[in-house]
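Hi everyone, thanks for coming. Let me put a structure on the screen and walk you through it.

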Amino acid sequence: MQFQVAEHSTYAYTGARAFDPDLPSVVFVHGAGLDHTVWILQSRWFAHHGYNALAVDLPGHGRSAGTPPASIEDAGRWVVDCIDALGLPRAAVVGHSMGALVTLEAAAAAPQRVVFAGLLGIAVPMPVSDALLTAARDDLPAACRMITLWGHGFPAQVGGNQAPGMWMTSSALRLLARSRPGVLHNDLNACNAYLTGLERASKVACPALVLLGRQDVMASPRGVRPLMEALPDARLLELDPCGHMMMAEQPDAVLDALAQAMGGAPGLRAA
């Protein structure tokens with residue numbers, strides 16, 4: 001599905017279902033250097049179970065035009081602009097990694113519009129090492145290898161894909177490598193610079209699910225307590241064994257957690 005946001009063509013995967021403004025809607029937001037394809041399973045399930053599922057490509061990512069947002073704040077406002085452009089009075093927003101920070105910002109910026117926040121693989125703050133930032137700027141293949149290595153738990157490093165014949169780490173490497181020049185560095189820099197997350201979390205009015213991988217070394221679950229204390233209404237769930245790339249490592253568990261949490265969210269009822 002293509003639609004216009006701030007005068008730029010924007011792509012959203014809808015699970016091969018026509019958009020229906022009368023249905024409850026879920027916007028899925030990908031992480032740094034990625035695109036809508038990370039949400040194929042989850043978005044398709046919601047699309048076929050009474051929701052509009054909109055797995056968006058952020059500006060300058062995937063099939064969306066425009067310039068990548070330079071900050072998490074800009075990306076959060078863009079998500080709210082998407083909800084406006086679609087004519088939706090309210091929507092759930094689910095994000096992973098950088099997308100989780102974007103979701104947090106969108107929920108804080110529009111507390112009456114975002115009725116559920118799915119915060120997957122989140123850390124607040126989310127510092128990025130100098131080595132990775134430098135590689136993302138100067139040596140994209142090296143940066144992609146770093147993220148692929150650090151982003152997967154041990155079982156994913158040695159196989160374990162639920163789809164026979166598919167190689168999890170290689171798929172992640174290829175997806176990152178096809179990002180446009182400068183996009184990965186832009187995204188990682190935005191994560192590193194976002195220092196107001198805890199303050200913004202206190203502005204969130206909707207229920208939130210914080211979903212973490214117990215083996216995650218990119219967004220370690222050990223530092224989640226301040227975020228849980230800042231969010232007014234949040235539930236924490238950890239997946240084990242699982243690293244940062246949870247939609248690939250534990251796709252069914254991610255889907256089950258989202259379906260259960262969203263099924264009980266006020267203002268978001270499937271038809």
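Let me begin with a term: two strands pair if DSSP finds at least two bridges between them. Helices (H or I, at least four residues) and strands (E, at least two) are DSSP runs, numbered from the N terminus. What you see is a predicted model, where local features need pLDDT of at least 70, side-chain atom pairs count only at pLDDT 80 or more, and totals for chains, interfaces and linings use all residues. Residues are numbered from 1 along each chain as its sequence is written, and side-chain values use heavy atoms, with hydrogens and water left out.

Now to the sheet. Strand β5, residues 91-96, pairs with strand β6, residues 114-120, in the parallel sense over 6 bridges. Which residue in β6 is the bridge partner of Ala 91? That is Val 114. Both strands belong to an open sheet of 8 strands with mixed pairing, in the order β1-β2-β4-β3-β5-β6-β7-β8. At the edges are β1 (2-5) and β8 (234-239), each pairing on one side only. Neighbouring strands in this sheet are turned by 25° against each other on average, direction ignored.

Next, the helices over the sheet. Here contact means heavy atoms within 4.5 Å. Axes are lines fitted to C-alpha atoms, for helices over the stretch in contact, and angles run from 0 to 180 degrees between N-to-C directions. Helix α3 lies across β3 (25-29), β5 and β6, and runs at about 155° to β6. Helix α12, residues 251-263, lies across β3, β5, β6, β7 (208-213) and β8, at about 165° to β7.

On a 1 Å grid over the protein atoms alone, a cavity is a set of points where a 1.4 Å probe fits but cannot get out; a pocket is an open set with protein on both sides within 12 Å along at least five of seven lines, and lining residues have an atom within 4 Å of a point. Grid points are joined across faces, edges and corners, and a volume is the space filled by probe spheres set on the points.

How many cavities of 30 Å³ or more does the search of the whole structure find? It finds 1. The largest cavity has a volume of about 40 Å³, and its lining includes His 61, Met 98 and Asp 187. Helices α2 (72-85), α3 (98-109) and α8 (183-193) each supply at least two lining residues.

The second largest pocket has a volume of about 280 Å³. It is lined by 19 residues, with Ser 97, Leu 132, Leu 188, Met 218 and His 244 nearest its centre.
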